[in-house]
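Keep the structure open while reading.

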Amino acid sequence: MSIFATGRPKGKLTNVVPVFLTINNAYAPYAAAAIHSLERTSNKSRYYQVIILHDGLTIDNRVRLRSLATKNVAIQFRKITNSLYLKAVIKYCAREKGAGDFFSSAVYYYRFFIPRLFPVFEKAVYIDSDTVLLSDVGELFDMKLGEDEVIAAMPDPKVTAIPEFRDYVDNAVGVPHAEYVNDGVMLMDLKKMRKMRYLTTMVGMIEKYNADLVAPDQDYANVILRGKIAHLDTVWNAEPCVNLPKDTKLVHFNLFNKPWHYQNVPCEDLFWKAARGTGFYGDLKRQQAAFDVEKQEAERAKVAALIEKAGRIAKEGKVLMKIVK
Ligand SMILES: [Mn+2]
């Protein structure tokens, strides 16, 4: 497959913006909305290479996602297949789990496979599929990192807001909560990540400690990259809220209150505007209609269990930052 599977940009390729998403079939509709928003906000004189890392998308989902490609936005797919790294992550994800195990799919870890799998890039943007862009993602890509900075990401607002998460991060991850970032939106210096052998380090920790964590991929990132993270401005990873600041560039429907589940949630209009015009609009509307009281209660219980788990681990006195040192 050629690097540009959906046509070639005019002119030189010196200005390509690589943007990665990691999904399974369930996330395909949200990813479509995110990509559609990227296309709408793109700078028409630049070229964007959207690369979707997945664990086996159906042909139908690939066709619908690929149809979002335009003159300046290419859409490519890369299935993450067997490697020792993937095997270790899958094994870790398959360990015995209890209530509160939320982030237990290997797909969450794919973002950290990027530096190793794409040596052609020195730098890339990663975005979660539960995001909507309101501004050109190229601006994020253009951001300069300091000499010792490996990624740029935003301090996690859910950690600041929820006391159990704060205690968990301070006392169990061992990174001060003001420093702890959300890995849902990142500018990554892939060259530096390759140099520090990020994936090997992460998988080594996973295998050695098999630690019971709340958000493992993100917890490991914060431990491995401590002191090497530039903090993004909140406009690049904004929590949905009623009076969204005018200069917001990206909204992240993180954790709960997803507009494809609930009605009357903050920023739902932005999501539906992005979803409209994708081949998934009808599916998303049906998904929302089917999210009945029973499903809502089940989700609330799941989130409550996650918060409870964070509180419990915070009290156990095992500090990830210390055990891995
Ligand atoms: Mn997210």
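The axes of helix α1 (residues 28–41) and helix α11 (residues 268–275) come within 8 Å and cross at roughly 85°. The two helices are therefore roughly perpendicular to each other, a label that covers 65 to 115 degrees. This is a predicted model: local features need pLDDT of at least 70, side-chain atom pairs count only at pLDDT 80 or more, and totals for chains, interfaces and linings use all residues. Residues are numbered from 1 along each chain as its sequence is written.

**Helix contact**
- α1 contributes Ala-33, His-36 and Ser-37; α11 contributes Phe-271, Ala-274 and Ala-275. Contact means C-beta atoms, placed from the backbone, within 7 Å.
- These residues divide into 4 nonpolar, 2 polar and no charged. Ala, Val, Leu, Ile, Met, Phe, Trp, Tyr, Cys and Pro count as nonpolar, Asp, Glu, Lys and Arg as charged, and the others, Gly among them, as polar.

**Sheet**
- An open sheet of 7 strands runs β3-β2-β1-β4-β7-β6-β8, with mixed pairing. Pairing requires at least two DSSP bridges between two strands.
- β3 (73–79) and β8 (229–231) are the edge strands; each has a single partner, so one side of each lacks a neighbour in the sheet.
- From one strand to the next, the twist averages 30°.
- β2 (residues 47–54) pairs with β3 in the parallel sense over 7 bridges. Ile-51 has Gln-76 in β3 as its bridge partner.

**Helix on sheet**
- α1 packs on the sheet and touches β1 (16–23), β2, β3 and β4 (123–127).
- The direction of α1 makes about 165° with that of β1. Axes are lines fitted to C-alpha atoms, for helices over the stretch in contact, and angles run from 0 to 180 degrees between N-to-C directions.
- Helices (H or I, at least four residues) and strands (E, at least two) are DSSP runs, numbered from the N terminus.

Terms used: Two residues are in contact if their C-beta atoms, placed from the backbone, lie within 7 Å. Angles under 35 degrees count as roughly parallel, over 145 as roughly antiparallel, 65 to 115 as roughly perpendicular and the rest as oblique.
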